[in-house]
Amino acid sequence: MHEGFCVLEMVVDEAGVPVDYRFLETNPAFEQHTGLVDAVGRTARDLVPGLENHWVETYGRVALTGQPDRFVEESPAMGRWFEVEAFRIGKPEQLQVALLFRNITAQTRAEEGLRKAEWRLAQALDVSGLGTWSLDRTTRMLHLDARACLLLGRRQPD
């Protein structure tokens, strides 16, 4: 399996509020995706000082409600972006959650680089008055006027 996988158990305070989680099981891809070594038996906050609260809150909600969750989230403390699917396993009182996840840091950084390049291109075209750049989720279109086509040595688009 290429995806990271783990089973975790929520650690709760006296009021039953999740405050951390302990790793019970991991697969070989877990270390590759997370960078965490020898995680089984240890808590997330022990392994990642400064871990963001949203991880504990999200996994706690899954454990307590039984409602699975699928999301993309960054962990600045780990320096990584993850695509995660979380679902409760076992009996509700066990507060166990299984995760399937991928490290999407490289993909996310590449997309951010593309967005920045598109913005720079749009700014350059706007300043030069040679064209406009429009972007939506499905199509990237470059609209050049006749002057830009002449400068680029291309025939003007129809």
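Visitor: Why is R61 called partly exposed rather than buried or exposed?

Guide: The relative accessible area of R61 is 44%, and the rule calls a residue buried under 20%, exposed over 50% and partly exposed in between (1.4 Å probe, protein chains only), so R61 counts as partly exposed. This is a predicted model, in which local features need pLDDT of at least 70 and side-chain atom pairs count only at pLDDT 80 or more, while totals for chains, interfaces and linings use all residues. Residues are numbered from 1 along each chain as its sequence is written, and side-chain values use heavy atoms, with hydrogens and water left out.

Visitor: What makes R61 and D69 a salt bridge?

Guide: The closest N and O atoms of R61 and D69 are 3.4 Å apart, and the definition asks for a side-chain nitrogen of Lys or Arg within 4 Å of a carboxyl oxygen of Asp or Glu, so the pair qualifies. D69, at 22% relative accessibility, is partly exposed.

Visitor: How do you know that E85 and R70 also form a salt bridge?

Guide: Their closest N and O atoms are 3.7 Å apart, which is within the limit and therefore counts. The pair links distant parts of the chain, 15 residues apart, with E85 in strand β4 and R70 in strand β3. R70, with a relative accessible area of 63%, is exposed, whereas E85 is partly exposed at 30%.

Visitor: How many salt bridges does the structure hold?

Guide: The structure holds five, among them the one in which the side chains of R102 and E83 meet at 2.8 Å, N to O.

Methods:
Helices (H or I, at least four residues) and strands (E, at least two) are DSSP runs, numbered from the N terminus.
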